[in-house]
Amino acid sequence: MHVIAVGRLRNAPEADLFDRYNTRLRPRLSVIEVPEARGDPAAVKRQEGVALLAAVPRDGFVVPLDLGGQVLDSETLAAKLRRWSELGRPIGFLIGGAEGLDRPVLARADFVLSLGALTWPHFLVRAMLAEQLYRAQAISLGHPYHRAGRPGPAG
């Protein structure tokens, strides 16, 4: 699996958190970073979108992360990852920059994933994605990392 993301994640707490979960994944995520663009928001989205799509592996299964995507629980994500892996296509998770993703990126998507309705810094999204992919792998392997049903609804 690949993370194709805008911006270079340097030595920062977000990088440490991403590495914490990526080192647990088998196999690890490969990371492809494309440069952040400069200019007006529309030009930035367009330039970054072109760069993201150019970095997608040939025949890749494209999963951009976007607010307008589907919100899944961890068990459903684990099931989807199992199905996507069976396709025999490289899976590429695309993370846009501060301006978000351009329409052609979303149009190329095989599935659009949302981490929820809140807006997150794009560098933090990498760490959150890595954690959820590790959690999905743990669910599939029956590892106790994921505790189904916790925390439960208040009541």
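The legends below describe close-up views of a predicted model.

The model is predicted, so local features need pLDDT of at least 70 and side-chain atom pairs count only at pLDDT 80 or more, while totals for chains, interfaces and linings use all residues. Residues are numbered from 1 along each chain as its sequence is written, and side-chain values use heavy atoms, with hydrogens and water left out.

**View 1. Helix H3 against helix H5.** Helices (H or I, at least four residues) and strands (E, at least two) are DSSP runs, numbered from the N terminus. The axes of H3 (residues 74-86) and H5 (residues 122-141) cross at roughly 80° and come within 8 Å; axes are lines fitted to C-alpha atoms, for helices over the stretch in contact, and angles run from 0 to 180 degrees between N-to-C directions. H3 is therefore roughly perpendicular to H5 (angles under 35 degrees count as roughly parallel, over 145 as roughly antiparallel, 65 to 115 as roughly perpendicular and the rest as oblique). On the H3 side, the contact (heavy atoms within 4.5 Å) is made by Ser74, Glu75, Leu77, Ala78, Leu81 and Arg82, and on the H5 side by Gln132, Leu133, Arg135, Ala136, Ile139 and Ser140. By class, six residues of this contact are nonpolar, three polar and three charged (Ala, Val, Leu, Ile, Met, Phe, Trp, Tyr, Cys and Pro count as nonpolar, Asp, Glu, Lys and Arg as charged, and the others, Gly among them, as polar).

**View 2. Helix H1 against helix H5.** H1 (residues 13-22) and H5 have axes that come within 8 Å and cross at roughly 15°, which means that H1 is roughly parallel to H5. From H1, Glu14, Leu17, Phe18, Tyr21 and Asn22 meet Phe123, Leu124, Arg126, Ala127, Ala130, Glu131 and Tyr134 of H5. Eight of the contact residues are nonpolar, one is polar and three are charged.

**View 3. The largest pocket.** Its volume is about 350 Å³. A pocket is, on a 1 Å grid over the protein atoms alone, an open set of points where a 1.4 Å probe fits, with protein on both sides within 12 Å along at least five of seven lines; lining residues have an atom within 4 Å of a point. Grid points are joined across faces, edges and corners, and a volume is the space filled by probe spheres set on the points. The lining has 18 residues, of which Leu65, Asp66, Leu67, Trp120 and Val125 are the closest to the centre. Strand E3 (61-71), strand E5 (113-114) and H5 each supply at least two lining residues, and E3 gives the largest share, three residues.

**View 4. The second largest pocket.** This pocket holds about 290 Å³ of space. Among its 14 lining residues, Met1, Arg26, Leu81, Ser85 and Gln137 are the closest to the centre. H3 and H5 are the elements that give two or more residues to the lining, and H5 gives the most, with five. The lining divides into nine nonpolar, three polar and two charged residues.

View 5. Most residues other than glycine have a negative phi, and most peptide bonds are trans. The peptide bond from Arg26 to Pro27 is cis, with omega near -10°; Pro27 lies in the loop between H1 and strand E2 (30-34). Asp59, although not a glycine, has a positive phi of about 60°, and Asp59 lies in the loop between helix H2 (41-54) and E3.
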